[in-house]
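Okay, thanks for coming, everyone. Let me put the model up and walk you through a few spots in it.

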Amino acid sequence: MQLAFFVRHFRSPRLTWGMLLILLLVSAHALATASEFDHFDTGFPLEGLHERVQCDSCHVSGVFKGTPKQCSTCHMQGGVAQTAKPLNHIASTNQCTDCHTTRSWEQVPRVDHASLTGSCQTCHNNTLAVGKPISHIPTTDTCDDCHIPNSWMIVNFDHNAANGACVNCHQGTSATGKNSSHINTSNTCDDCHTNQAWLPVSRVDHDAVFGSCNSCHNNVVATGKPVNHIPSDGTCDNCHVTSTWQGARFDHDGIVAQCSSCHNGTIASGKNTSHLTTTNICEDCHTSQTWSPATRVDHASVLGTCSSCHNNVVVLGKPTSHISSTESCDDCHVTNNWKQVNFDHNAVNGNCSSCHNGTTATGKNSNHINTNNLCEDCHLTNAWVPVPQVDHASVNGTCSSCHNNVVALGKPSNHITSSDTCDDCHVTNNWNQVNFDHSGITSNCSSCHNGTTATGKNSNHINSNNLCENCHLSNAWVPVAQVDHASVNGTCSSCHNNVVALGKPTNHVTSTDTCDDCHVTTSWNNVNFDHSGITSNCSSCHNGTSATGKNSNHINTNNLCEDCHLSNAWLPVAQVDHASVNGTCSSCHNNVVALGKPSNHITSGDTCDDCHVTTSWSNVNFDHSGITSNCSSCHNGTSATGKNSNHINSNNLCEDCHLTNAWVPVAQVEHASVNGTCSSCHNNVVALGKPSNHITSSDTCDDCHVTTRWDDVRFDHSGVTGTCSSCHNGSIATGKHSAHVQTNAECEECHSNVAWIPANFNHNAVIGSCSSCHDGSQAQGKPSNHFITTEQCDTCHNTNNWSNIDFNHSSANYPGDHRSNVGCLDCHTNNNQMLSWPHSNYKPDCAGCHANDFKADEHTKIASPNVRYTVSELRDCAGACHIYTDSSLTTIKTRRNSKHRTTDGDFD
């Protein structure tokens with residue numbers, strides 16, 4: 001266009017060609033300038049696909065200044081851009097960047113709904129975008145009636161537009177259904193509930209409810225027995241019916257409280273005016289099956305003297321054959337056992353035998369000890385047996401005539417086998433004082449010293465097969481005379497541990513060896529030493545005291561022994577750590593102590609360390625700074641090494657690529673002077689070629705790389721045929737970083753190569769515990785009000801339905817699932833895995849929680865006198881609580897087992 005302009009307006013040929021020359025020069029300058037132009041300086045950096053767009057696609061007619069920077073200005077119908085907003089585009093504002101990126105117009109990483117116009121279903125119609133799925137709740141609502149665009153899962157639900165019955169949705173999948181604690185019933189939701197207010201229920205149809213009354217009426221699910229209900233273990237339907245609650249059929253068998261709680265003259269008939277004066281409760285004497293006659297009378301609660309009743313009018317009194325006495329009945333008799341008489345001998349005159357003569361009262365029986373004693377010599381009047389003493393001086397016969405296990409105790413079955421009579425060892429005034437002599441024993445020690453007859457080996461005795469007498473003497477048990485180690489079981493340290501016997505002293509060589517690795521039992525000082533078990537350094541022993549240390553002509557050094565020497569061969573040394581050697585090189589390297597300069601060394605006054613280093617002798621630091629000619633004047637293959645046969649085919653001088661202070665690696669390679677293709681050098685022989693882990697490709701180097709910057713690679717994933725991890729493995733290309741979720745899944749299962757994030761996540765391929773990700777940093781962790789526990793998330797939750805919690809108690813202390821609807825916090829009141837017992841002194845039994853529920857009146861232990869069980873005795877509610885006839889606890893009157901169980905719907 002510019003050329004045509006000049007041809008039309010400048011008719012002079014000379015002038016025309018002159019102007020053309022000027023234009024050509026200006027254009028050439030502009031091209032040179034454009035090649036160095038950085039578009040970033042304009043404030044509109046070229047990113048993504050914009051990098052490949054020709055300049056004149058945006059800068060129309062060569063006009064640069066004023067080119068718009070907003071997407072919608074170019075990308076519109078009739079705009080300058082080739083790609084315009086299509087006519088069937090989602091109705092939206094013109095802010096393209098709300099949804100699109102410059103990397104790829106077709107791939108939309110996000111949609112900003114705030115920029116959209118129109119209703120939801122204009123897009124979400126299963127054509128442009130996902131619409132209602134076939135499993136959606138049947139409803140006439142539009143999307144935005146319930147959903148909001150910034151959080152799809154937060155739903156404001158309006159039941160008025162829902163079609164069908166409640167259970168169509170509330171079945172535990174589409175929406176919450178009946179939970180585990182719901183009343184067991186065949187009712188549909190709307191039989192009892194309304195959609196305006198789920199609670200309280202409008203009514204309950206008991207005909208469709210399954211289970212017993214108290215499975216619901218337990219004061220948790222529904223109202224249960226009130227606090228003023230008659231105490232009873234009966235279930236509701238024992239007395240009540242659902243059609244009329246007040247009409248009750250009464251049965252005393254289920255009543256667990258005392259009679260007077262009802263029979264108090266108000267609720268029901270109580271004691272009449274002619275009743276015995278007594279503090280007894282009804283059931284102490286009466287039964288509910290038959291009120292009279294009374295089954296018994298508890299005299300302990302009767303008021304007044306015995307004769308006020310026992311007067312042969314009201315009840316029987318003294319018989320005519322009774323001992324003539326003015327004493328009242330209770331002077332001798334007790335109410336709980338009439339035959340048991342408390343007799344006072346203090347008023348009796350004369351000795352015992354005046355009455356205890358076999359006629360008036362019991363006298364000596366036929367098997368009485370043969371003795372001249374009077375009764376009172378051995379017996380007491382207030383307690384006939386046991387006798388306080390026996391005067392053996394008046395007893396006739398030998399010890400065994402009485403001590404024969406018939407008349408009196410004789411030798412027990414575990415007595416030492418002996419033909420001795422009792423008085424050979426014992427005396428009558430102190431039975432336990434025994435004169436024992438082992439010299440008469442003919443069997444081995446363990447026949448008596450077996451832990452039963454006499455003291456045997458105690459629990460901390462050395463584990464040994466020895467007999468006692470192998471080590472001990474009968475006249476002095478300790479110290480032992482000897483120890484036969486051949487019969488000792490276990491390792492040395494099981495005894496030699498400084499508790500049972502002497503162990504390693506504090507100054508012992510630090511070692512993981514057991515005693516018998518070095519010592520033998522026959523000679524402790526004869527040691528076979530093995531350095532492999534030593535855990536400390538050499539000098540802890542080789543210090544010139546415990547063992548030989550460094551001698552006087554040793555190299556002056558700070559090294560530890562093991563830095564240079566080996567424990568299995570002291571000489572020659574394995575290495576010398578010069579860093580810890582003191583002094584100059586020549587103090588050792590003098591051809592006497594160690595090798596010095598050889599005869600063919602370059603003549604020099606330098607010391608060794610002017611050129612050499614101790615870590616690599618052959619690595620010499622040479623100073624080229626004094627060289628004035630070029631490299632090849634020396635490095636010509638004769639004076640010094642020159643280009644070798646496999647050197648790169650190049651016209652370069654040495655110094656074009658190499659430095660004098662470091663020959664390799666080369667400082668640079670001037671590829672402009674190199675002859676041949678890239679692969680003629682980069683073939684892994686002359687120079688590095690494609691590594692073994694290079695992406696499989698038939699491309700030549702310069703298809704992707706440039707010589708000015710190797711790392712600037714033009715890469716297109718569409719040509720890659722392997723999986724992501726074949727390159728993105730942390731070696732060839734960036735792989736999973738250290739904080740990545742642990743998973744076996746390939747990258748492409750969650751990511752796409754057009755937009756790495758956001759990712760579609762699949763828990764099924766994740767390795768490790770939930771908390772390895774859900775720690776509050778990588779992913780959402782436990783909220784601040786979460787139940788405090790060390791358990792992993794998946795102990796209770798699962799990835800398919802997070803809200804569905806399922807936990808099984810595995811502790812041995814767990815009593816079992818309670819049939820009543822007990823929630824976690826009913827027991828774990830502190831919201832913590834570590835249970836806070838209300839009554840910790842009773843844990844882990846039932847009383848640990850239910851101590852305050854214990855009712856002493858309902859737990860009779862002894863029928864007469866009436867004694868109640870304590871909480872501590874019945875701390876395990878599921879155990880036995882028998883009723884005994886008396887305080888001896890030998891006879892069970894009423895057996896009661898497992899009255900309470902966690903599986904019962906009602907504790908009573």
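One term before we start: buried means under 20% relative accessible area, exposed means over 50%, and partly exposed is in between, using a 1.4 Å probe and protein chains only. Glu873, for instance, has a relative accessible area of 39%, so it is partly exposed.

Now the housekeeping. This is a predicted model, so to speak of local features we need pLDDT of at least 70, and side-chain atom pairs count only at pLDDT 80 or more, while totals for chains, interfaces and linings use all residues. Residues are numbered from 1 along each chain as its sequence is written, and side-chain values use heavy atoms, with hydrogens and water left out.

Let's do salt bridges, meaning a side-chain nitrogen of Lys or Arg within 4 Å of a carboxyl oxygen of Asp or Glu. How many does a search of the whole structure find? It finds 3.

Back to Glu873, then: its salt bridge partner is Lys861, with the closest N and O atoms 2.5 Å apart. That pair links distant parts of the chain, 12 residues apart, with Lys861 in strand S3 (residues 860–862) and Glu873 in the loop between S4 and S5. Helices (H or I, at least four residues) and strands (E, at least two) are DSSP runs, by the way, numbered from the N terminus. Lys861 counts as buried because its relative accessibility is 15%.

Next, Asp845 and Arg875 form a salt bridge at 3.0 Å between the closest N and O atoms. Here too distant parts of the chain are linked, 30 residues apart: Asp845 is in the loop between helix H17 (824–827) and helix H18 (847–850), and Arg875 is in the loop between strand S4 (867–868) and strand S5 (883–884). Asp845 is partly exposed at 25%, and Arg875 is partly exposed at 23%.

Then there's Lys855 with Glu858, a salt bridge at 3.8 Å, N to O.

Now over to Asn280, in the loop between helix H6 (236–239) and strand S1 (333–334). Is Asn280 buried or exposed? It's buried, because its relative accessibility is 7%. Its side chain makes polar contacts (N or O atoms within 3.5 Å; within protein, one able to donate a hydrogen and the other to accept it, and sequence-adjacent residues count only if both atoms are side-chain atoms). One goes to the side chain of Thr278 at 2.4 Å, and another joins the side chain of Asp284 at 3.4 Å.

Val313 also lies in the loop between H6 and S1, but at 71% relative accessibility Val313 counts as exposed.
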